[in-house]
Amino acid sequence: MKRFLFATMMMMATTAFASDNDTLIIEKPQRVIIITSDSLQSIHVKGKEGDNQFDYQNTIQLLDSNYVSTETYNKTLWDLMPFVKNKDSENRGTMEFALIASFGVGFTSAVGTADKLNIPVGPSWEFMWDIAHIQIHPWKELGHHFKTGIGLDWRNYRMTDQKRFVEMSDGQIDVTPYPQGSEPDFSRIKVLSLTVPFTYGFYPSRKGLFRGFEVGPVLNFNVYSSIKTRYSVNGENQKDFTKGLHKNPVTVDFMLKLRMRYFGFYAKYSPCNVLDTAYGPKFKSVSFGIYF
């Protein structure tokens, strides 16, 4: 133990009094972890002034009366990837992988619709789940990142007036009145999508109410769709259900996220028609809400 402490002190002294090229100065570290035992001393510094991604580790081990020192800077997933050149820590970025990244809920509506199609914001909902993402920080400067990943998006477009969605025998989707004497509840189109975002984000601060933003396109691979209509006739409840609509298989949203301290706001607009216009009425999607 005495030899190990002596070796540790010698190494620290060498670092402290060496030339500028061998001296490490970390201004205002955000977190310092020190682990000490009879044969090991480890120092781990996470974050520093102006660089939340900074990562430094130094380990000294006593092995057979000798000490072995290892030192790493900003070790990330880049170091585990084959055929990627090891760059100097002052110039390279970092990459991170996360599961269950965020969950959002909001309102959705239709724009660019025909006169007979009325899909108000209130009764129509959207639920989105970012299952996993890869976030790349290409520069050393604080806050910039690019992100992609995979998620799910569930949207319904609901009418609550005197009109309903109906799939005709030839696959056409029409908007027609309810049967005579009916009391309408709702008629809705639901679309389930596999989503792949490609966004740029800037998060300059971890303090204060406003933390940053993300912006970019989101690809929607629309894998499921259905119509459900509920109404009553002479007090008897009726339900019409149809799935496998002629939808557009791939659509694009343009998304903006504003991140606050504990949650965020989002807004999305799609210039693409939800349904295949050869089979159904034209309408585009707009939505907004909160995410966590």
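Let me start with His145, which counts as buried because its relative accessibility is 2%, where buried means under 20% relative accessible area, exposed means over 50%, and partly exposed lies in between, with a 1.4 Å probe and protein chains only. This histidine has its place in strand E7, and strands here are DSSP runs of E with at least two residues, while helices are runs of H or I with at least four residues, numbered from the N terminus. Leaving aside neighbours within four places in sequence, His145 is in contact with Gln135, Ile136, His137, Pro138, Thr199, Tyr200, Gly201, Tyr203 and Glu214, a contact being heavy atoms within 4.5 Å.

Before going on, please keep in mind that this is a predicted model, in which local features need pLDDT of at least 70 and side-chain atom pairs count only at pLDDT 80 or more, although totals for chains, interfaces and linings use all residues. Residues are numbered from 1 along each chain as its sequence is written, and side-chain values use heavy atoms, with hydrogens and water left out.

Turning to the whole protein, the secondary structure comes to one helix and 15 strands, and of the 292 residues 37% count as buried. Among contacts between residues at least 6 apart in sequence, 57% join residues at least 24 apart.

If we do not count residues up to four places away in sequence, Ile189 touches Arg155, Asn156, Tyr157, Phe165, Ser226, Ile227, Leu245 and Leu275.

Next come the aromatic rings, where a search of the whole structure finds 10 pairs; rings of Phe, Tyr and Trp (its six-membered ring) pair if their centres lie within 6.5 Å, and planes under 30 degrees apart count as stacked, over 60 as edge-to-face and the rest as tilted. Phe202 and Phe213 form an edge-to-face pair, because their ring centres are 6.5 Å apart and their planes stand at 65 degrees. This pair links distant parts of the chain, with Phe202 in strand E10 and Phe213 in strand E11 (residues 210-233), 11 residues apart. Phe202 counts as partly exposed at 25% relative accessibility, and Phe213 counts as partly exposed at 27%. The rings of Phe263 and Phe265 are also edge-to-face, since their centres are 5.4 Å apart and their planes are at 80 degrees. Elsewhere, ring pairs link Phe107, Trp125, Phe127, Trp154 and Phe288 into a cluster.

Strand E13 (residues 250-260) pairs with strand E14 (residues 264-273) in the antiparallel sense over six bridges, and two strands are said to pair if DSSP finds at least two bridges between them. A hairpin of three residues joins E13 to E14, and Leu256 stands opposite Ala267 in E14. E14 also pairs with strand E15 (residues 284-291), in the antiparallel sense and over seven bridges, and there the bridge partner of Tyr266 is Gly289 in E15.
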